[in-house]
Structures are given as C-alpha cells and as structure tokens.
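Reader: I'd like to learn how to read helix packing and cores in a model like this one. Can we walk through it together?

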Amino acid sequence: MSQRFESQTALPTCSIEALKARAQLYRTIREFFAQRNVMEVETPIVSQAGVTDVHLASVQAQRHIVGRMQQQYLQTSPEFAMKRLLAAGSGPIYQICKVFRDDEHGRKHNSEFTMLEWYRPGLDLRELMHETAALLNVCLAHRFDEIRPLVLSYKHAFQDRLDINPLQATLAQLKQTAQRVGLTLDLGDDRLAYMDLLFSHFVEPSLGFDTPIFLTDFPPEMASLAKVRLDEDGEEVAARFEVYIEGLELANAYDELLDASVLRARFEADNQERDKLGLQVMPLDENLLAALAHMPECSGIALGIDRLLMVATQKLNIEQVIAFPATRA
C-alpha cells in the first residue's frame, strides 16, 4: 500500500526509476575506472580556502578546529585537494563527490550537486578526450551510437554563429554584436561578460545535437587553472575543452597548469576583481600552491553526474534526477 504524505515537499522530486538509474551509473563509472587502474579517492568537502573565480560563490561554513572557530568553505570542486594527492605520487585518480555553489538554481543548476572528477598523469588533452568519449559510450550506450570526439574550437563555433572572432573582438564590437542579435543588457565595460552572454544565448544552445561536441581552445581570459598555448593561427588560447550534448555542458577539462607563480598571479587578479565588484576576497589555497611544483604533467576533467543523468534519462530539469533539491533539502 502506498503511503499518504501530508506535504508534497516531503516527497523526492525524482522518480524511483531515476534513483535506480543513478545507482547503475555509479556502478558503471566505478567499473570503467577499475578496468583502467584509476584509483578512487576521497578528499575533504570543507576547506580553509575557497575558489577565487569571480563567477563562483562558495558556500561558507564555520566550525571549531582544536577549540578555535574558523571560517571555512564547502568545495566547489575537489580539484585543489586532488592535485595535492597527485603531487604526493598518487598516480591516476578519480572521485565522485558532492560539490556546492551558492545560489545556483534553475533548470540545469542546484546549489548542491554531484561531480565526477579525474586526473590522468601522462595523458594530453587529446588522449583525455578519447577516454571521456569511451566513458560516455558505456554510460550512454542506450541513447547513442558510438561516440567519437567531434572537436570544434570556441573561436570557430563563435564565428559560425555570430560572424565575429571572440579572440580579437574589442569591447565595442562585442556590444555591437549583442545589439545586432537583440541582447540589450548593459554589462558596462566587462568584455568577458559580453562574450559569455553571446555564447550562452547563441552558441551553447546549438551544440551537440547531431553528435556530442568537444569544444576546445577557449579565450585565454578563461584559462582558470589551465595552461595557455598558441592555436593554429598563432592566437593565444586556453588549453582546455568542454563537452556538450544537446546544448548541455557536461564536462570541463584542462591541460593542468603547474607553474605556482602563474597560478598565484591568477588568484590575486581574481581577488582584485572581486574587491572591485564588492565580492568577498577569498583566502588563497597555499597548500595547493606549495604542492604544485611536485605535481606531474597531466590533464584533468570534471563531469556533472546530474547532467549526465539528465541526458541518459532524457530529462529536461535537474530536479527530475536528484532526490531532494535545495528547496526540499
């Protein structure tokens, strides 16, 4: 006999079938990495350092450590701690864990979500693309024929849809393009914000419908923790890729930056921008910066489990694949 609930909010937003699909997905992922001798690891969810990225907001937490109250942060990604393990000689590793991003809610977002992240010493981005495609093939075999990496650069995707090179475009040109396509938001003098606006409205929604797309070579301002290199036209680009299926971003990969001085400069530049925007200036992860010199050359990738489930089960809203979103937690 089914139970009667007095309040709808007591019920999960996903079906029991979705819970079973999640459990099966975890088994598939763990078997995939076990066959490749990639070790599963676990790292802290709460840390003394948060991310400096201007576009990410860490969830804050307070706790006593040895009797002293400390301001700490829930992880937006396990990246920093996993890189410390790599520096200690862990070899290839992966993790399935909860991550948190404050006030991110919507059809594709929940402020608490599940991430798969893995690191492959010795593999370059091209090899990581093929491994990512292999994982998608076993996870989405019921939905797609064999997935092979179809590679498209950020620049060419932008040019195909908006007839403008984002690597060379000035702020004025990006504003004019936004006005031409009917986007009237005033974003001030933030060139990168206009680029993101155009990308999210006119490029991203069209990606990955015929076949999954591996979007590469992002603008250097979007390098984050990736290396910067020159593309085939001699223009500086971030050595990273993202995976898109049916207009949905699933994964984000880097050729990992190993120069601590460059990374520190990026963190400090982020904090200067945060201060300018009235956002909290974040403490730097000095443990990561100290470990970076010992980290092997590697590529790494973060993949959203909930979004992968949306694709696997053909759901359009993230609440259909998680049990209790933030509004019901």
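**Helices, cores and a threonine**

Author: Let's start with a helix pair: Tyr154, Ala157, Phe158, Arg161 and Leu162 in H4 meet Met195, Leu198, Phe199, Phe202 and Val203 in H6. Contact means heavy atoms within 4.5 Å, and helices (H or I, at least four residues) and strands (E, at least two) are DSSP runs, numbered from the N terminus. This is a predicted model, where local features need pLDDT of at least 70 and side-chain atom pairs count only at pLDDT 80 or more, while totals for chains, interfaces and linings use all residues. Residues are numbered from 1 along each chain as its sequence is written, and side-chain values use heavy atoms, with hydrogens and water left out.

Reader: How are the axes of H4 and H6 arranged?

Author: Two packed helices are described by the angle between their axes and the distance between the axes. Here the axes of H4 (residues 154-162) and H6 (residues 191-203) come within 10 Å and cross at roughly 70 degrees. Axes are lines fitted to C-alpha atoms, for helices over the stretch in contact, with angles from 0 to 180 degrees between N-to-C directions. H4 and H6 are therefore roughly perpendicular; under 35 degrees counts as roughly parallel, over 145 as roughly antiparallel, 65 to 115 as roughly perpendicular and the rest as oblique.

Reader: And at what angle do H1 and H3 cross?

Author: Roughly 140 degrees, with the axes again within 10 Å, so H1 and H3 are oblique to each other. Leu25, Thr28, Ile29, Phe32 and Phe33 of H1 touch Glu131, Ala134, Leu135, Val138 and Cys139 of H3.

Reader: How many residues are in the largest nonpolar core?

Author: A nonpolar core is a set of buried Ala, Val, Leu, Ile, Met, Phe, Trp, Tyr and Cys residues joined through side-chain atoms within 4.5 Å. Buried means under 20% relative accessible area, exposed over 50%, partly exposed in between (1.4 Å probe, protein chains only). The largest has 40 residues, and Ile29, Phe33 and Leu116 are among those with the most contacts inside it. H3 gives the largest share of this core, seven residues.

Reader: Last one: is Thr43 buried or exposed?

Author: Buried, because its relative accessibility is 11%. Thr43 sits in the loop between strand S1 (39-40) and strand S2 (46-47). Beyond neighbours within four places in sequence, Thr43 contacts Gln75, Pro78, Ala81, Met82, Leu85 and Gln95.
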